[in-house]
Amino acid sequence: MEERYARQRLFWGDERQRLIGESELLVAGVGGLGATVCQIMARAGVGRLLLVDDGAVALEDLHRQSLYGECDLGRKKVLVARERLQAINSTVEIVVREERIGCGFAVPGGVPLVADCLDNYEGRFALWDALPAGCRLVHGGVQGDRGQVLTLVKGESQPLNEIYAGSVQPAGAIEVSPYSVFVIAGLMCSELCHVIGGSAKLLDRFLVVDLVDLSLSFLDV
Amino acid sequence: MVLLRIYGTLRMMLGGRESVELPWREGDTVGALLARFQAGERIPVTHKLVDDRCMLHTGTIILLNRRNILHLDRLETPVRDGDVLALFPPGAGG
């Protein structure tokens, strides 16, 4: 195994590293959560990343979206993300799709694991509908100083759109602190690595994170 | 008793309380429980969940024993002794 993984292999062992290296992950949305999720997973040595997003880098993104800088303004996020991720870890296979996830979205066949880093319910529900049976979804959401992480298995868990039934997108831009996305994205990656290792911690269970009072709570669904 | 679990901004409004236990009554519904809960609070809370016409707002999901009440009978959903009602305003962004 490569020297680059030496420190994490000490932590989680060679078998976990092998599983991560053989895994494939679709990251839906490479904005606040997604940019950090795909960065951490690339650094961890995931085998293949499929990035889906249709957005371009804007000035208002730079306070929290860790892969982008001023030189990227106006460029497609997935293209910038691929460049940065390949510079971080050239052994990771990276495939990008410039596409908005909405009604009619199709998940490529065989994708076993998806990180929901989207910023809208319409996209999240379309993504859930598009997942094949047995696919595992690690969902994240963030707003202000709070957020949540949840793992679901398509065909076994309650559907995401039933859990969130009635939820309507807030009007206008959603408030978010620069650090909360890193906290939630980090927790999503922890869960992704647990899922890959066969030991999901948040299956059918929200982890609700509140940075206002520094609390963590669970909510079973 | 019915356990009311509270998350996010609602918890902050209630001084950090994670949950409230409410005595169960025969014929209780989600709406009746929320009204009784509000009656015991000094500050308005349930306006975050239900408007003056008893319509559910969309920023907070209400789960009864893990199920969103929109898939049950909404505010008319019967509540049994020992049930757990959760009020959760999820983070919408990403």
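How many salt bridges does the rule find across the interface of chain B and chain A?

## Salt bridges across the interface

The model is predicted. Across the interface of chain B and chain A, the rule finds two salt bridges. A salt bridge at 3.7 Å, N to O, pairs the side chains of D220(A) and R66(B). Side chains of opposite charge can pair when their charged atoms come close.

## Extent of the interface

On the chain B side, 21 residues are in contact with 38 residues of chain A. The two chains bury about 2,300 Å² between them, and carbon and sulfur atoms give 54% of that area. R66(B), A92(B) and G94(B) supply 27% of the area that chain B buries against chain A, which is more than any other three residues.

Between chain B and chain A, 14 residue pairs are in polar contact, with both residues at pLDDT 80 or more. Four elements of chain B each give two or more residues to the side that touches chain A: α1 (8-13), β3 (61-64), β4 (67-68) and β5 (84-88). The largest share, four residues, comes from α1(B). By residue class, the side of chain B that touches chain A divides into nine nonpolar, eight polar and four charged residues.

## Salt bridges within chain A

Over all chains, the structure holds 18 salt bridges. One of them joins D14(A) and R9(A), with the closest N and O atoms 2.8 Å apart. D14(A) has 43% relative accessibility and counts as partly exposed.

R18(A) has two partners, E15(A) and E22(A). The salt bridge between R18(A) and E15(A) is 2.6 Å, N to O. Both residues lie in helix α1 (residues 6-21) of chain A, three residues apart, about one turn of the helix. R18(A) is partly exposed at 35% relative accessibility, and E15(A) is partly exposed with a relative accessible area of 45%.

The side chains of R18(A) and E22(A) meet at 2.9 Å, N to O. E22(A) counts as exposed because its relative accessibility of 56% is over the 50% cut-off. Elsewhere, salt bridges that share partners join D72(A), R75(A), E83(A) and R84(A) into one network.

How values were computed. Residues numbered from 1 in each chain as written. Chains lettered and ligands numbered in written order. Predicted model: local features only at pLDDT ≥ 70, side-chain atom pairs only at ≥ 80, totals over all residues. Heavy atoms only, no water. Contact = heavy atoms within 4.5 Å. Buried area = accessible area lost by both parts, 1.4 Å probe. Salt bridge = Lys/Arg side-chain N within 4 Å of Asp/Glu carboxyl O. Polar contact = N/O pair within 3.5 Å; in protein donor to acceptor, adjacent residues only side chain to side chain. Nonpolar A, V, L, I, M, F, W, Y, C, P; charged D, E, K, R; others polar. Buried < 20%, exposed > 50% of the residue type's maximum accessible area, 1.4 Å probe, protein only.
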